[in-house]
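Try each task before you read its solution.

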Amino acid sequence: MSLFADFRRRFELRPPRPLNLAGSPARIRPEASSVEQPCGRREPHGTAGIDRSAYLAIAEALKDGADVVPASDEVGRRLAEDGVSLLEALDGLGALYHAIGGGEPAFEAVRALSSSWAEASLIYLHSLSCEDPLTGLSSLAHLRSRLGEIYREADLRGTSVPATHALVVVEPLNPPGLTTLDRELRLIDVAECLRIVFAGGDVLGRLGARRAAALVGREPNLPDQVETARALIRHWRMDTDEPQHARFWIEGLPASAEWGGRLLGELARPS
């Protein structure tokens, strides 16, 4: 059995509950589609529509002999956002490869598409609740809500949010080739360290797939707390002598609640 066939079979054997990000009823298996037209975007009522442009970037890379990984990464993210299950996405990839070259998808294309699909799905799931179930960090929606409360309190008291509060942003510096699961595990470590250092009433939240943040008061010892968190994360893992590096910075908050919300959105965007 080929690598691609084995990879796809693993998902067929899973319980028939595919993730449907669009909110419409998900089918167990996609409808049969033409080899010339790989399945793509899901229609509003849960029926698979044919979107020839969904895989266009991969098709162009194959025809030009270019690297298929960047195109596959973008296609996986787009299909997840459109509510297409991973099994359907892999079916479409297989149909495209058969149509162009008669063979099965390259492992690099399957891995890139699946990884970006999973990452986009995680971002969506994290936005549904107040707390990320894996790291225990507040969701972006909850962090945004708490920041809005701080702005409203400042208006009532006549104080300035940029002068009283700030965001401490942490981004683990992951080595190349790290899987989505590995990145999640490193964020769990970051979350634990932030809880130790910022143990008061500070809000600890998640910013997208790769960053965490602490919404803190601008106390005189804030720079010292940041250095303490940096050192703690660097030596947190006891099973390795490799230091765990991360980017730290103190992000100033804008004067208005509207721009504060926009700032969170920008920080949560994939880098």
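**Exercise 1.** Which residues are linked with Asp 73 in a network of salt bridges?

Solution. Start with the ground rules: this is a predicted model, where local features need pLDDT of at least 70, side-chain atom pairs count only at pLDDT 80 or more, and totals for chains, interfaces and linings use all residues. Residues are numbered from 1 along each chain as its sequence is written, and side-chain values use heavy atoms, with hydrogens and water left out.

Next, the term: a salt bridge is a side-chain nitrogen of Lys or Arg within 4 Å of a carboxyl oxygen of Asp or Glu. Now look around Asp 73: the network joins Asp 73 with Glu 74 and Arg 77. Using that cut-off, the count comes to 13 salt bridges.

**Exercise 2.** Find the partner of Arg 211 in a salt bridge, and decide whether the two are buried or exposed.

Solution. First, the partner is Glu 171, with the closest N and O atoms 2.9 Å apart. Helices (H or I, at least four residues) and strands (E, at least two) are DSSP runs, numbered from the N terminus. Third, check the cover: Arg 211 and Glu 171 are both buried. Here buried means under 20% relative accessible area, exposed over 50%, and partly exposed in between (1.4 Å probe, protein chains only).

**Exercise 3.** Work out how far apart Glu 258 and Arg 262 are in helix H10.

Solution. Find helix H10 at residues 257-268; Glu 258 and Arg 262 are four residues apart in it, which means about one helical turn between them. They form a salt bridge, and the closest N and O atoms are 2.9 Å apart. Arg 262 is partly exposed, at a relative accessible area of 44%.

Then move along to Glu 266, whose side chain meets that of Arg 269 in another salt bridge (3.2 Å, N to O). Arg 269 counts as exposed, because its relative accessible area is 52%.

**Exercise 4.** Which residues does Arg 111 touch, leaving out those up to four places away in sequence?

Solution. Go to helix H5 (residues 107-126), where Arg 111 is found. The contacts to pick out are Gly 177 and Thr 179; a contact means heavy atoms within 4.5 Å. Asp 73 is 38 residues away along the chain from Arg 111, and their C-alpha atoms are separated by 8.6 Å. Arg 111 is partly exposed, with a relative accessible area of 42%.

**Exercise 5.** How many helices and strands does the chain have?

Solution. Going by secondary structure, there are 10 helices and four strands. Read from the N terminus, the order is α-α-α-α-α-α-α-β-α-β-β-α-β-α. To finish, 42% of the chain's 271 residues count as buried.
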